[in-house]
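The sequence and structure come next.

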Amino acid sequence: MGRTGRWDLPLPGTGHTPRRLLMLSQIARRDLAAGRLAEAHTDAIAILAEAGVAPRDGALYGVWTCDDPDSPVRAEQIEEGWRLRGVKRSCCGARLVNAALITAGVEDGVMLFDVRMDEHVQPQPSDWQTSALAEAGIGDVSLDAVVMGVHSAIGAPNWYLRRPGFWNGAVGPAACWAGGAMSLIDAARELRPTERQARSQLGAMEAIAWELGAILDQCGREIDEDPEDISARARVRAVIVRHLVEHACTEVLERFGRATGDHFLAHDALIAKQFAGLNLCIRQCQTDRDLETIPEFN
């Protein structure tokens, strides 16, 4: 932890991106909900650094970019600066963070704003029906005519989507998924299964653990080699990494149950929570849709 909030990680593209991804995975390995919060906060810090803007001192940030289709967030320029109005969907840390980077539609595209949580930024009553990731405080947030100064805008219209770090940041969630999978592999190791089929499942999971580490390490190295890359290569890399990690996590979820039966899922609250959280995370991922776009960018 440090001045920029709860977690201090190396910024992406500064020569230590493999370590950044490893640190994110380790946080999620201990607690996937905390990993989700850490990923969002450290992504916000990286975005602000890319814009040359200092974060709010001691703030815990969210990054909220998903709109309610019936009430998308719009930004209007006014004499005082900007007015934001609308609803953001599925906001990680909705009831926990004290600041957020929020996208809003403007006449020329999309703007990014650094918004302080106050009485005009209200979490909606949650309809979250699962205990998975409950501690991450995910929910909708209503912006009721939020008025901010001119300096709350980060970058020019569409800067957020076109900056070099956009696709580099997209691999952060995958690092958290990998950490969630590793926590299940750790638990299976501790059980020390003796039955042949269970040991075979554990052996396969050990191979997946090696695979996940190699994927994150190679991704980090490539980002550090060309951190300013705004070509299709950066987009394709992010999509491929997310796909590979999601596929590996799906296999871990399947093999974990076969290796351990109901031992952890019925009797270990922490591991059951990690299992459910990982399953939910990869269900929220849309890698199939993203994979469809790879040929057009190659």
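How many aromatic pairs does a search of the whole structure find? The search finds 5 aromatic pairs.

## Basis

This is a predicted model, in which local features need pLDDT of at least 70 and side-chain atom pairs count only at pLDDT 80 or more, while totals for chains, interfaces and linings use all residues. Residues are numbered from 1 along each chain as its sequence is written, and side-chain values use heavy atoms, with hydrogens and water left out.

## Aromatic pairs

Rings of Phe, Tyr and Trp (its six-membered ring) pair if their centres lie within 6.5 Å; planes under 30 degrees apart are stacked, over 60 edge-to-face, and the rest tilted. The pair Y160 and F166 is edge-to-face, because the planes stand at 90°, with the ring centres 5.6 Å apart. Y160 is buried, at 7% relative accessible area (buried is under 20%, exposed over 50%, partly exposed in between; 1.4 Å probe, protein chains only). Y160, F166 and W167 make up one aromatic cluster.

F256 and F275 form a tilted pair, with 6.1 Å between centres and 40° between planes. F256 lies in helix α7 (residues 232-260) and F275 in helix α9 (residues 269-284), so the pair ties together parts 19 residues apart in sequence. Helices are DSSP runs (H or I, at least four residues), numbered from the N terminus. F256 is buried, at 0% relative accessibility.

## Cysteines

A disulfide is a pair of cysteine sulfur atoms within 2.5 Å; the whole structure has 0 disulfides. For C66, the nearest cysteine sulfur is that of C91, 7.9 Å away. C66 is partly exposed, at 41%. The sulfur of C249 is 8.7 Å from that of C281, its closest, which is too far for a bond. C249 is buried, at 0% relative accessible area.

Methods: Helix = DSSP H or I, 4+ residues; strand = E, 2+ residues; numbered from the N terminus.
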